[in-house]
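Take a moment to look over the model before reading on. Then follow the paragraphs below, one part at a time.

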Amino acid sequence: MLFEVDKDSLLPIYFQIEEGLKSLISSGELQPGEMIPSERELCDRYDVSRMTVRQAINNLVNDGFLIRKRGKGTFVGMGKIEQGLKGLTSFTEDMKARGMNPTSILLDFREIKATAALSAKLQIHENEWLIEMQRIRIADDIPMAYESVYLPKELVPELTKEIASQSLYDYIEKEKKLAIAHADQSLEASVAKQKEAEILQIDEGAPVLAIERTTFLTTGKPLEFVRSIYRGDRYKFKIELVRS
Ligand code: 16G
């Protein structure tokens, strides 16, 4: 493992270690899943304090470059997926565009009567029938997000478990010939609850992004209300801002 730390530089030492490790990851010298040297080893090698090394590693863990496994060590992570917030895309489209293989595990698929809250989101009457489905969204065998989707049954009366395990937007547009127009989406920071942590294979309390989306058809009718939990270590959302 090779990188230099220049103690006379104006750049803080933790930053130099952080950049050094990052360059080893991007050059492939450190491979995804590989264990990096322990904090103690890095302290000895660069003759710096534990706090300095820890700061560099913490930053890399927060950015998804490294993963800490309790009692085992620190490993090279998979990096974060950068997801634009401009286009209204599906999970399948997003992953395919990155050359990844999207799959889903359908955890739940049932008909329920709309609660007051869901009927307001979907602009339907309370007690109208909805299809509720819960899916783990997976890319290249890694669970990325956990979604709960609610759709008015009237729009997709023939939706089956088989269809729900594939791309929903494909079915809506190609089979049902319904035109998806726009969506309202919110995104907030949260921490993984026990069930979410199990499903996403992360620690309970690990950072996640909680997203809610209501998607509308060109007719103005809401198609879906979706609550999703995305892994904070694998996702970074990106938006371009234009000053007017
Ligand atoms: C995305 C959407 C979700 C939609 C799904 C359809 C977010 C936060 N959510 O996961 O609302 O139902 O795509 O994907 O982006 P599919 O066509 O692959 O089933």
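Where is N127 found? N127 lies in the loop between α5 and β5. Helices (H or I, at least four residues) and strands (E, at least two) are DSSP runs, numbered from the N terminus. This is a predicted model, in which local features need pLDDT of at least 70, side-chain atom pairs count only at pLDDT 80 or more, and totals for chains, interfaces and linings use all residues. Residues are numbered from 1 along each chain as its sequence is written, and side-chain values use heavy atoms, with hydrogens and water left out.

Stay with N127 for a moment. N127 is not a glycine, yet its phi is positive, at about 75°. Its relative accessibility is 47%, so N127 counts as partly exposed. H125 sits in the loop between α5 (116-122) and β5. H125 is exposed, because its relative accessible area is 59%. H125 and T215 are 90 residues apart along the chain, and 18 Å separate their C-alpha atoms.

K177 is in the loop between α7 and β7. K177 is a residue other than glycine with a positive phi, near 55°. With 65% relative accessibility, K177 counts as exposed. Q31 is placed in the loop between α1 (13-26) and α2 (39-46). Q31 has a relative accessible area of 44%, so it is partly exposed. Q31 and L11 are 20 residues apart in sequence, and their C-alpha atoms are 26 Å apart in space.

Now step back to the whole chain. The chain has eight helices and 10 strands. Its C-alpha atoms fill a box of roughly 70 × 45 × 30 Å, taken along the principal axes. Of the 244 residues in the chain, 43% are buried. The domain assignment gives domain 1 (13-76) and domain 2 (81-238); such bounds come from an automatic or database domain assignment. Taken over C-alpha atoms, the centres of the two domains are 35 Å apart.

Next come the pockets. On a 1 Å grid over the protein atoms alone, a pocket is an open set of points where a 1.4 Å probe fits, with protein on both sides within 12 Å along at least five of seven lines; lining residues have an atom within 4 Å of a point. Grid points are joined across faces, edges and corners, and a volume is the space filled by probe spheres set on the points.

How much space lies in the largest pocket? The answer is about 800 Å³. The largest pocket is lined by 25 residues, and I67, R68, I202, D203 and D233 are the closest to its centre. Two or more lining residues come from each of α3 (50-62), β1 (66-69), β6 (142-152) and β8 (207-217). β1 gives the most, with four residues. Domain 1 and domain 2 each supply at least three residues to this lining. By class, the lining has 11 nonpolar, five polar and nine charged residues. Here Ala, Val, Leu, Ile, Met, Phe, Trp, Tyr, Cys and Pro count as nonpolar, Asp, Glu, Lys and Arg as charged, and the others, Gly among them, as polar.

The second largest pocket has a volume of about 500 Å³. Its lining has 30 residues, and L88, T89, Q185, R213 and Y230 lie nearest its centre. Among the elements that each supply at least two lining residues are β3 (81-84), α4 (91-97) and β9 (222-231). This lining divides into 13 nonpolar, nine polar and eight charged residues.

Finally, look at the rings. The structure holds five aromatic pairs. Y230 and F237 form an edge-to-face pair, because their ring centres are 5.8 Å apart and their planes are at 80°. Y235 and F237 form a stacked pair, with 5.5 Å centre to centre and 20° between the planes. Rings of Phe, Tyr and Trp (its six-membered ring) pair if their centres lie within 6.5 Å; planes under 30 degrees apart count as stacked, over 60 as edge-to-face and the rest as tilted. Ring pairs link Y230, Y235 and F237 into a cluster. Y230 and F237 are both buried, and Y235 is buried too.

Technical notes. Buried means under 20% relative accessible area, exposed over 50%, partly exposed in between (1.4 Å probe, protein chains only).
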